[in-house]
Amino acid sequence: MQSWTQFYRSLATRSHNLPCKLHGAAAVSVRTYADKAAIDADVTVVGSGPGGYVAAIKSAQLGFKTVCVEKNATLGGTCLNVGCIPSKALLNNSYLYHMAHGKDFESRGIEISGISLNLEKMMAQKSGAVKALTGGIAHLFKQNKVTHVNGHGKVTGKNQVTAIAADGSEQVINTKNILIATGSEVTPFPGIPIDEETIVSSTGALSLKKVPEELIVIGAGVIGVELGSVWHRLGSKVTAVEFLGHVGGMGIDMEISKNFQRILQKQGVKFKLSTKVMGATKRPDGKIDVAVEAAAGGKNETLTCDVLLVCIGRRPFTQNLGLESVGIELDNRGRIPVNNRFQTKVPSIFAIGDVVAGPMLAHKAEDEGIICVEGMAGGAVHIDYNCVPSVIYTHPEVAWVGKTEEQLKEEGVPYKVGKFPFAANSRAKTNADTDGLVKILSHKETDRMLGAHILGSGAGEMINEAALAMEYGASCEDIARVCHAHPTVSEAFREANLAASFGKAINF
């Protein structure tokens, strides 16, 4: 039987030979006075983040002549350069330092004296990982025959993109289809200008020159708790100020959030929830005064820090892309409206990732990129956003997929709950790492898994079993009857499914 890749490639090849292209208008040559000779392409991807670079590679693999335009010097977008990848390097290394420097190693019989932090070397390891991965994308582009054009990509026609380089030179690409994958940028806080030295965004927080004595984080969502954890482990006194009444951001199950907050507070991170930031002032001595008050209104309070980290979210990067020149209007949140094939109102222009609706997640953008270009080749386009997992990479990690208990109550869906604590899991016990639990939500009548919520070491790896189960419509009994290796922490996932399906776990 023909593989899907062969099927799509044959469709793509056939579309090349058709006199009238069905899946994209014929490339229109527009006369320009650009500095370089125009390039002709089948698919031009604007942006090389997780969504863009993956889409470009898949497009080339399907037989399309593909160009990827990137304004930055390196490929990979925010995720690889100043987001997911460098933050995970610092999260991992800061945790190792914390274990060695604190009482963890000592409690395991590992006694070390003279532990010290070489922040410069830690940052160098992070930068080395980033360099290797961004260079890896360049290699993949070469291997898959994707043409990389450096410059700010701007739509200059329904079938044309112009890349404007840093020196002002232009490269015109005449293309059958355009895919916008420009990602997102840090949302600024009104009245608090970021200098990336003492008042920093997530970008600056990944490259601080020294450990701040006191760090205030505006926002206790995913980015806030991750970066707050990094600097707390390295020696900062960290206070996170959050407008909402819980930690972990939108989408987290409230029971998990409360447990998560309790664990982080036990570690030493402080939280001021249901609190709004009114402003920040730099003092002559270099410190920063941050004015806060209760979200519902009330008495003003001033907090002082050496570094202020602003992470109140991200917004789509959709300005200055030339979309208005072809009649594409943004929605009220700056996103590009698309149909279920990721097609804009202009049939030859598509958009994926952070610039369209849905969670701003790298893996969501990757999936959208792949199925979008498969759609251009005539394939089916389908994604179930309910099966897209989310992860917070603190220690312990938090991961979830599907519905929260609050959502099921709101929707009036009858459900059952199955829980299993890592304190009752043999591998977690042997690892002396027992914080957290697995919480499973199933349909009361059909036993179908509706949601999985994990707080614990390795939750980000375990959640993929839940995502797979939900994608295939598994019942909790299906998972409970799958043999899991012993001893592993993933047995806790099986036990929670047992509890959801049969009412009781075995080992708790």
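Predicted model: local features only at pLDDT ≥ 70, side-chain atom pairs only at ≥ 80, totals over all residues.

1. Staying with H10, its buried residues are Lys364, Ala365, Glu368, Gly369, Ile371, Cys372, Val373, Glu374, Gly375 and Met376. You will notice that Lys364, Glu368 and Glu374 are among them. Just after the helix comes Gly378, with a positive phi of about 100°.

2. Helix H2 (residues 50–61) can be checked by the same kind of reasoning. At 1.5 Å a residue, its 12 residues should span 16 Å, and the end C-alpha atoms sit 17 Å apart, which agrees. Because 11 of the 12 residues are buried, H2 is largely enclosed by the rest of the structure. The buried set is Pro50, Gly51, Gly52, Tyr53, Val54, Ala55, Ala56, Ile57, Lys58, Ser59 and Ala60. Just after H2, Gly63 takes a positive phi of about 100°.

3. Next, please look at a helix pair. H4 (residues 84–101) packs with H6 (residues 119–143) at an angle of about 145°, and their axes are 9 Å apart. The crossing of these two helices is right-handed. On the H4 side, the contact involves Ile85, Pro86, Ala89, Leu90, Asn93, Ser94 and Tyr97; on the H6 side, Met122, Met123, Gln125, Lys126, Val130 and Leu133. Sorted by type, the residues of this contact comprise 9 nonpolar, 3 polar and 1 charged. A helix has 3.6 residues a turn, so residues three or four places apart point the same way.

4. Now to the strands. S12, S13 and S14 form an open sheet of 3 strands in that order, with antiparallel pairing. Strands S12 (275–282) and S14 (301–305) stand at the edges with a single partner strand each, so one side of each has no neighbour in the sheet. On average, neighbouring strands here are turned by 25° against each other, direction ignored. Strand S13 (residues 288–294) is joined to S14 by 5 bridges, and Ala291 stands opposite Thr302 in S14.

5. Strand S9 (residues 214–218) pairs in the parallel sense with strand S10 (residues 237–241), over 5 bridges. S9 is mostly covered, with 4 of its 5 residues buried.

6. Is Val46 buried or exposed? This residue lies in strand S1 (residues 39–46). Its relative accessibility is 4%, so Val46 counts as buried. Not counting residues up to four places away in sequence, Val46 touches Val69, Gly153, Val161, Ile178, Leu179, Ile180, Ala181 and Thr182. Val46 and Gly412 are 366 residues apart in sequence, and their C-alpha atoms are 42 Å apart in space.

7. Finally, have a look at Ile194, in the loop between strand S7 (184–186) and strand S8 (199–200). With a relative accessible area of 33%, Ile194 is partly exposed. Leaving aside neighbours within four places in sequence, Ile194 is in contact with Ile199, Val200, Ser201 and Val310. Leu308 is 114 residues from Ile194 in sequence, and the two are 9.2 Å apart in space, C-alpha to C-alpha.

Conventions. Residues numbered from 1 in each chain as written. Heavy atoms only, no water. Axes fitted to C-alpha atoms, helices over the stretch in contact; angles between N-to-C directions. Left-handed = near helix turned anticlockwise from the far one by under 90°. Contact = heavy atoms within 4.5 Å. Nonpolar A, V, L, I, M, F, W, Y, C, P; charged D, E, K, R; others polar. Pairing = 2+ DSSP bridges. Buried < 20%, exposed > 50% of the residue type's maximum accessible area, 1.4 Å probe, protein only. Expected span 1.5 Å × (residues − 1).
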